[in-house]
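Please keep the sequence and the structure in view while reading.

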Amino acid sequence: MPNDSDWMAAAAHLGLRGRPLSSPNPSVGAVIIRNNIVVGRGWTQPGGRPHGEAMALYQAGDDARGATLYTTLEPCAHPSQRGPTCSHLIAEAGIARVVFACLDPDARTAGNGVEILRSAGVIVDQISHAVAATGLAGYLTKQRLGRPHVTLKLALSLDGFIAMPSGESQWITGEIARAHVHSRRAMADAILVGGGTWRSDRPRLDVRLPGLESRSPKRVVLTRGVPIDGVTIINTPAQIADLADVQYLYVEGGSQTAASFLREDLVDRIELYRAPIILGEGMAALGDIGLSALGDAHNQWALEQRLQLGSDTFEAYGRQR
């Protein structure tokens, strides 16, 4: 039979459906289980309301009484003009047990949601769950570090180049990998490139998957140049903290921009697309990242995911802090 971790994984994958449209709220996934049957499920809706728990409770109706609710984030406890708190809704619905993955770092809720539920007689358990934490990475990073969660995307040849010596880079990877990139763009609030990439390539930086075109992220350029119509300009990587309503930032390049984010330790996840080609010489994926000793390069990154995308390989690495 499914255990707590299995049900939490289901909630976590539901939560991904609301990303990034739930901004500025986190996209929380929730499932309600009664007698090992799913009676309710939900995720945070566009604009941040209703929350995932409220959606699941609405679907479950009377079947919520005596059931167990799995939610990726501690149920909210702070009053809002936009609706009642999830902790009160859960207690009123007669939920017998709540299992959550991440404590809400927002001071208005942190621990208070758990206290409200336990005071109402609800059994509350917290479990560690990597998938749930990854699904809330943007919100958690924003709350804890005051900046967006940053994903750096790199597309490389087997020998580590991102382009020919001439600068030609279309296309290193195949069609399936490129479609995967667009699916990743669709889950970001904003996408960033450096001024050199912008001036030389004029990339569209949009989502070109059927049905997801409206999910194209905001465009940001790292440059000291003049403002660009329809594009946000920042002068330094640290200024990502000033980007309004951005929880997830997707950095696509070029090499100096990628290096500058790594040098400032602002990258939380690296998504690497590796094509089975050898260029021999070309443009390096990265410039100087400020590394002075080989030992300092170890224990910084851990493999989180690996996929085969046609002839190309996708690997995702998480920063170990």
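The sections below describe a predicted model.

## Nonpolar cores

In soluble globular proteins, nonpolar side chains tend to be buried together. The largest nonpolar core of this model contains 24 residues. Leu 192, Ile 240, Leu 249 and Phe 261 have the most contacts inside this core. At least two core residues come from each of β6 (149-156), β7 (161-163), β8 (190-194), β9 (218-222), β11 (248-253), α9 (255-263) and β12 (269-274). The largest share, 4 residues, is supplied by β6.

Which residues does Leu 192 contact, leaving aside its neighbours within four places in sequence? They are Val 220, Leu 222, Ile 234, Leu 249, Tyr 250, Val 251, Glu 252, Gly 253, Thr 257 and Phe 261. A second, separate core has 18 residues, including Leu 14, Ile 33, Leu 73 and Leu 140.

## Annotated positions

An unreviewed UniProt entry places the feature "binding site" at twelve listed positions, among them Asp 201 and Ser 260. Asp 201 belongs to helix α8 (residues 195-201). Its relative accessibility is 48%, so Asp 201 counts as partly exposed.

Ser 260, in contrast, is part of helix α9. Ser 260 counts as buried because its relative accessibility is 9%, and the cut-off for buried is under 20%. Apart from neighbours within four places in sequence, Ser 260 is in contact with Leu 222 and Pro 237.

## The second largest pocket

The second largest pocket holds about 950 Å³ of space. It is lined by 29 residues, of which Ala 133, Thr 134, Ala 137, Arg 269 and Glu 304 are the closest to its centre. Two or more lining residues are given by each of α5 (130-135), α6 (137-145), β6, α7 (175-185), β14 (301-309) and β15 (312-319).

How many residues of the lining are nonpolar, polar and charged? The lining has 11 nonpolar, 10 polar and 8 charged residues.

## A buried loop residue

Thr 109 is located in the loop between β4 (97-102) and α4 (112-119). Is Thr 109 buried or exposed? With a relative accessibility of 0%, Thr 109 counts as buried. Leaving aside neighbours within four places in sequence, the residues in contact with Thr 109 are Glu 74, Pro 75, Cys 76, Ala 77, His 78 and Asp 104.

Terms used. Residues numbered from 1 in each chain as written. Predicted model: local features only at pLDDT ≥ 70, side-chain atom pairs only at ≥ 80, totals over all residues. Heavy atoms only, no water. Core = buried A, V, L, I, M, F, W, Y, C linked by side-chain atoms within 4.5 Å. Buried < 20%, exposed > 50% of the residue type's maximum accessible area, 1.4 Å probe, protein only. Contact = heavy atoms within 4.5 Å. UniProt positions renumbered as here; feature names shortened; annotations may be inferred. 1 Å grid on protein atoms, 1.4 Å probe; cavity = no way out; pocket = protein on both sides within 12 Å on 5 of 7 lines; lining within 4 Å. Points joined across faces, edges and corners; volume = space filled by probe spheres on them. Nonpolar A, V, L, I, M, F, W, Y, C, P; charged D, E, K, R; others polar.
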